[in-house]
There are 2 protein chains.
Amino acid sequence: MGTRFDHLFSPRSVAVIGASSNLGKWGQMIFSNIVAGGFPGTIYPVNQKDQSIFGIPAYRHIEEVPGHVDLAIITTPAESVPGVLEGCGRKGVKGVVIITSGFSETDKAGRDLEARLVSICRERNLLLVGPNTMGIICPYADLFATGAHIRPRKGSVAFISQSGNLGVQLIHWAKQQGVGISLFVGSGNEAMVSCVDYMEYLERDPRTRVIILYIETVRRGRSFMETAARINRVKPVIVLKGGRTEAGRAASASHTGAMGGEIVFFKAACRQAGLLEVNVPSELLDLSAALSSLPLPRKNRVGIVTLGGGFGVITADRCNERGLLVPAIPEETVTRIGKYLPPFWSKGNPVDLVGTHDPDAPLVAVEELLMLDGIDAVISLGIVGRLEFIRLLVQSTRKIDSSQADFLAGLESLGAAYEKKYIEKLAELMETYEKPVIGVSLSRTDEGTVRPVDGRKYSPVFYQTPEDAVNVLARMVAYRAYLDSP
Amino acid sequence: MGTRFDHLFSPRSVAVIGASSNLGKWGQMIFSNIVAGGFPGTIYPVNQKDQSIFGIPAYRHIEEVPGHVDLAIITTPAESVPGVLEGCGRKGVKGVVIITSGFSETDKAGRDLEARLVSICRERNLLLVGPNTMGIICPYADLFATGAHIRPRKGSVAFISQSGNLGVQLIHWAKQQGVGISLFVGSGNEAMVSCVDYMEYLERDPRTRVIILYIETVRRGRSFMETAARINRVKPVIVLKGGRTEAGRAASASHTGAMGGEIVFFKAACRQAGLLEVNVPSELLDLSAALSSLPLPRKNRVGIVTLGGGFGVITADRCNERGLLVPAIPEETVTRIGKYLPPFWSKGNPVDLVGTHDPDAPLVAVEELLMLDGIDAVISLGIVGRLEFIRLLVQSTRKIDSSQADFLAGLESLGAAYEKKYIEKLAELMETYEKPVIGVSLSRTDEGTVRPVDGRKYSPVFYQTPEDAVNVLARMVAYRAYLDSP
């Protein structure tokens with residue numbers, strides 16, 4: 001179905017059937033998102049009432065639209081959808097996204113109605129996303145077709161979500177954290193196109209390097225696992241399964257119209273396939289940030305560079321608890337790093353920079369560790385995010401000493417320039433040594449987790465906490481070990 | 001040592017010995033923080049060079065200071081500190097905070113020097129914090145005496161940290177998350193005053209309701225556990241132990257000058273004492289936010305109210321996985337909630353609001369659950385934080401339709417007013433039913449985790465993820481069970 005998916009995810013023209021100018025209606029939210037999001041193709045609003053919506057000429061029926069339509073997005077009431085699909089078929093539309101709910105997730109009548117949709121789509125050669133979906137986001141086509149107006153940057157992470165609301169929240173996080181997206185699909189009830197089909201499309205999509213799945217109902221179980229296992233050897237597949245417990249299954253049954261499978265078997269199958277199975281949504285994003293941005297570590301030996309002691313201690317603890325080693329480093333390395341540090345530094349791994357302001361020390365320490373054969377990855381704690389503390393200091397000092405205004409402004413921009421340089425240099429070092437450096441920010445900032453550097457193969461990544469950094473590294477080590485296993 | 005600690009933490013006058021106007025020096029950072037932080041008492045800079053610093057008259061020796069000095073903060077080099085302390089003693093200073101490092105955390109000479117400090121302080125009746133500390137923060141005295149210019153709001157969480165850098169980072173998070181602080185002490189090498197002494201002070205401090213400890217070295221082990229266990233029955237004690245593993249101990253030994261105890265015994269003792277032991281720093285803050293803001297749940301039965309399905313599924317899963325129940329709710333409750341929702345809602349627990357915009361539905365659902373005997377706590381997902389999505393929608397629509405500007409502005413302020421009212425109402429409901437409501441925000445915002453409401457006993461709390469909310473609730477249930485145990 002490769003080329004057929006292209007009509008869905010790279011359409012040249014889109015119709016919104018049920019488009020509206022009434023704020024808060026699905027037909028308004030999705031239509032205005034497509035328009036305001038800058039979709040470069042042709043957009044046709046279709047509705048019974050208005051002659052034009054947001055200044056764009058509207059049509060009463062899809063068949064009245066003058067040009068060709070690749071993709072139709074449908075928000076009209078459930079009972080109207082079969083008729084709308086017939087019209088789409090006659091019009092020669094290639095793909096439809098049915099936002100409307102009230103199908104198999106409700107009752108017997110809903111299941112029957114959904115079956116009708118599928119048979120119309122089969123007959124009319126329409127590819128059907130949903131129904132009961134939040135929509136799709138195709139950053140490379142500049143197509144943002146969800147009710148929530150979130151526009152993540154272009155990137156290499158594809159995300160298929162059976163839950164719209166969870167998917168949208170995760171995409172919002174992705175945007176805030178700077179995780180680049182190649183595709184988001186709210187797959188909804190998966191009446192026609194299942195998770196397996198989407199995976200097969202993504203397997204061939206050159207822009208997608210990492211796949212995230214949120215699934216409540218595994219359909220075509222064997223095929224799902226075989227496909228996921230095959231793809232996972234090339235593109236890591238990260239899975240969050242909703243409905244793992246009795247309570248979760250009860251909640252799930254009520255809203256997607258199907259019972260969850262046996263979680264024990266599912267987890268065992270994931271393990272065997274080397275999938276990155278996670279239990280909580282935040283981990284989906286943390287892992288996707290790392291796997292789409294960093295080289296994989298060869299083994300589990302970690303070097304730690306920290307701005308201060310306690311930070312290093314808890315990171316070392318977490319490493320050991322998660323099966324990562326923090327090995328001793330050679331005397332020569334200690335000597336070389338020591339040239340940049342006061343005499344009372346830690347003289348070992350973790351390298352405690354004891355709060356140094358020497359601009360070279362952190363990068364020297366990171367590189368000295370990266371060049372060691374016995375180190376597979378470096379965790380860098382607290383260099384990025386220090387700027388926030390400089391800013392606070394500068395603000396305070398400005399308040400009580402107006403004579404130094406220029407000097408203070410200079411200090412702040414110096415700090416910002418240093419942080420920028422540090423991030424660029426980490427990207428360069430990762431390319432040189434083909435080892436990951438995982439950063440932990442000293443403070444929560446609005447800059448996001450992933451900090452891409454123009455022209456670089458890898459993007460430095462900075463988590464909010466040491467525990468997140470260690471967790472991600474431990475999962476990467478396990479994934480690499482799986483790939484290396486016969 | 002109760003009254004003596006008051007001189008430290010509620011001083012009327014403070015001298016900074018080693019004060020400086022050179023940005024980046026400890027003597028500058030701490031002095032400017034105290035001044036800019038608005039300390040209402042008298043401040044005396046003491047240094048060898050300047051006649052005045054930031055317009056405040058400076059003195060060459062502590063003994064030249066004209067008025068009385070309660071607290072001296074010392075940043076001069078290690079070898080000068082004994083002489084400085086002698087001067088403080090003669091001057092009648094009551095307490096000293098020694099920021100300077102280079103003592104027992106370094107070598108034999110450092111240990112000897114530290115022993116001298118202690119004997120001088122004993123002889124001169126000086127209470128000694130540190131040495132090798134980042135300083136102290138006493139919000140109720142408006143005294144911010146750390147190098148990092150972070151000024152958390154007044155509150156009920158006291159934090160004793162053996163690591164300065166970790167402490168400072170956590171205080172920064174606390175400020176960002178809105179967790180109110182009663183006291184922060186970087187206890188440093190604890191040469192004279194140990195964690196046990198601080199705990200005994202906090203036991204009697206009426207402003208402190210929750211105690212956080214970051215410890216690498218447990219001194220006076222038996223006394224520590226007995227004190228912590230006693231206090232924990234009244235004020236929850238949350239502990240993060242650094243140096244739990246070989247790697248962590250190695251890192252710790254290099255920077256606090258002492259080896260960690262046996263972690264297995266430590267953990268067993270914590271369990272027996274019902275302490276809230278955690279493995280990662282983020283959990284320290286998550287727990288302190290909840291324990292300082294919410295009533296304790298009686299048991300483990302959770303009601304879930306969610307804006308959308310998937311969110312509810314993964315929360316229910318997490319609840320079951322963490323030992324919390326998500327029980328069925330009575331038919332009458334379903335009927336009453338159903339009046340506010342479309343017919344296709346979940347009709348059970350989790351209550352899936354199916355994205356409703358009915359302003360009453362979320363609060364009705366929360367209250368209906370709270371009033372049930374079989375429900376001990378409610379998790380509320382996605383109502384707060386929805387405003388961010390409204391803002392995005394409004395921004396987009398404004399871009400493509402200028403005719404609705406007033407209406408759009410109104411929509412945004414309506415959304416903000418609703419969120420405010422929702423938070424106020426949750427505070428009221430918690431007081432009425434004496435049960436906690438734990439919120440999860442639909443989007444990351446700058447508003448912080450804790451959202452205090454004027455005049456209310458409890459403060460609503462909103463975490464970024466369902467997993468954090470469930471974890472906190474599970475820990476609260478366990479703590480309550482410990483308190484209820486004979």
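A:Ser104 sits in the loop of chain A that runs between strand S6 (95-98) and helix H4 (108-124). Helices (H or I, at least four residues) and strands (E, at least two) are DSSP runs, numbered from the N terminus. This is a predicted model, in which local features need pLDDT of at least 70 and side-chain atom pairs count only at pLDDT 80 or more, while totals for chains, interfaces and linings use all residues. Residues are numbered from 1 along each chain as its sequence is written, chains are lettered from A in the order in which they are written, and side-chain values use heavy atoms, with hydrogens and water left out.

Is A:Ser104 buried or exposed? A:Ser104 counts as buried because its relative accessibility is 10%; buried means under 20% relative accessible area, exposed over 50%, and partly exposed in between (1.4 Å probe, protein chains only). Its side chain makes a polar contact of 2.8 Å with the side chain of A:Glu114. A polar contact is a pair of N or O atoms within 3.5 Å; within protein, one must be able to donate a hydrogen and the other to accept it, and residues adjacent in sequence count only if both atoms are side-chain atoms.

Now for chain A as a whole. Chain A has 16 helices and 19 strands. Its radius of gyration is 26 Å, close to the 23 Å that the globule rule gives for 486 residues, so chain A is as compact as a globular protein of that length. That radius is taken over C-alpha atoms, and the rule is 2.2 Å times the number of residues to the power 0.38. Of the 486 residues in chain A, 64% are buried.

Next comes the meeting of the two chains. Chain B and chain A bury about 6300 Å² between them, 61% of it on carbon and sulfur atoms. Buried area is the accessible area (1.4 Å probe) that two parts lose on being put together, summed over both. In chain B, the residues losing the most area to chain A are B:Leu23, B:Ile400 and B:Arg444, together 11% of what that side buries.

| Interface item | Value |
|---|---|
| Residues in contact (heavy atoms within 4.5 Å) | 82 residues from chain B, 82 residues from chain A |
| Salt bridges between chain B and chain A | two salt bridges |
| Polar contacts between chain B and chain A | 30 residue pairs (both at pLDDT 80 or more) |

A salt bridge is a side-chain nitrogen of Lys or Arg within 4 Å of a carboxyl oxygen of Asp or Glu. One joins the side chains of A:Arg244 and B:Glu321 (2.6 Å, N to O). Helix H11 (residues 309-321) of chain B gives the largest share of the side of chain B that touches chain A, 11 residues.
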